Amino acid sequence: MVDGFPFEIPEEYHSMPLLKGRAAVDMKVKVKDNPIHIVLDGYNAPVTAGNFVDLVQRRFYDGMEIQRADGFVVQTGDPEGPAEGFIDPSTEKTRTIPLEIMVDGDKAPFYGATLEELGLYKAQTKLPFNAFGTMAMARDEFEDNSASSQVFWLLKESELTPSNANILDGRYAVFGYVTENHDFLADLKVGDVIESIQVVPGLENLVNPSYKIAG
């Protein structure tokens with residue numbers, strides 16, 4: 001759905017990998033028989049979802065361990081070595097993306113600031129942390145635009161994390177939801193290995209893929 005995308009991406013992010021539409025990925029973990037199916041929403045988080053799909057196509061996550069599983073979230077994406085994110089071979093620097101939050105009633109996301117910093121205390125996010133398996137970017141708590149490759153999935157039920165009434169909404173960029181095999185996600189432990197993540201449908205919606213340049 002690249003043609004007729006509903007809003008313009010800000011110029012400073014225009015050349016980044018962008019998911020202009022939806023896609024889905026299957027995440028196969030070595031201890032599980034069936035993949036965890038995740039739907040990615042590029043309509044409401046094109047920069048965030050595009051960055052992830054680009055990393056998936058680079059096979060960045062294949063062979064990586066689950067690095068956090070504490071009953072609240074499952075997290076991965078921190079590569080070996082001193083870097084805490086994806087090092088872009090073309091720049092030899094960590095590739096980071098802006099915080100990206102879409103609010104109900106707006107036509108385009110806010111970039112580079114939390115809703116609290118923007119004074120939007122009652123705003124409702126289009127992609128809330130309201131479901132088991134909500135997927136979002138991890139980042140430095142004090143740096144809004146520090147997300148790179150680390151991702152996490154929420155393990156709490158919606159009653160415990162009501163939409164826009166928890167500590168996560170408006171502060172971290174949600175870009176997808178687990179839709180199949182939620183129980184596998186809940187069973188993941190630190191050290192479990194991601195065998196592969198593969199885009200199933202939607203790769204045609206990825207614009208500016210850097211993996212093709214690198215390949």
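Here are legends for a handful of close-up views of this predicted model.

Local features need pLDDT of at least 70 and side-chain atom pairs count only at pLDDT 80 or more, while totals for chains, interfaces and linings use all residues. Residues are numbered from 1 along each chain as its sequence is written, and side-chain values use heavy atoms, with hydrogens and water left out.

View 1. T114 sits in the loop between β9 (110–111) and β10 (134–137); strands here are DSSP runs of E, at least two residues, and helices are runs of H or I, at least four, all numbered from the N terminus. With 5% relative accessibility, T114 is buried (buried means under 20% relative accessible area, exposed over 50%, partly exposed in between, with a 1.4 Å probe and protein chains only). Leaving out residues up to four places away in sequence, T114 touches L99, R139, D144, G170 and R171, where a contact means heavy atoms within 4.5 Å.

View 2. The term stands for a side-chain nitrogen of Lys or Arg within 4 Å of a carboxyl oxygen of Asp or Glu. E116 is in the loop between β9 and β10 and R171 in the loop between β11 and β12 (174–180), so the pair ties together parts that are 55 residues apart in sequence. Both ends are partly exposed: E116 has 42% relative accessible area and R171 has 33%.

**View 3. D187 and K32, a helix-to-loop pair.** The structure holds 7 salt bridges, and the one shown here joins D187 to K32, with 3.5 Å between the closest N and O atoms. D187 belongs to helix α2 (residues 182–187), K32 to the loop between β2 (22–29) and β3 (36–41), and the two are 155 residues apart. K32 counts as buried at 15% relative accessibility, whereas D187, at 40%, is partly exposed.

View 4. Look for D70 in the loop between β4 and β5 (73–76). The D70 side chain meets that of R68 in a salt bridge, at 2.7 Å from N to O. D70 is partly exposed at 44% relative accessibility, and R68 is partly exposed too, at 35%. What lies 120 residues from D70 along the chain, with its C-alpha atom 8.8 Å away? That's V190.

**View 5. A negative surface patch.** E84, D140, E141 and E143 make up this patch. Asp and Glu count as negative, with the charge placed at CG of Asp or CD of Glu. D140 is in the loop between β10 and β11 (151–154) and, at 43% relative accessibility, counts as partly exposed.

View 6. R59 lies in the loop between α1 (46–57) and β4 (68–69) and is exposed at 54% relative accessibility. E92 also has a positive phi near 60 degrees; E92 is in the loop between β6 (87–88) and β7 (93–94), exposed with a relative accessible area of 69%.

Technical notes. Patches are made of residues with over 30% relative accessible area and no salt bridge: like charges are joined within 9 Å, nonpolar side chains (Val, Leu, Ile, Met, Phe, Trp, Tyr) within 5 Å. Accessible areas come from the Shrake-Rupley method with a 1.4 Å probe; for residues, only the protein chains shown count as cover.
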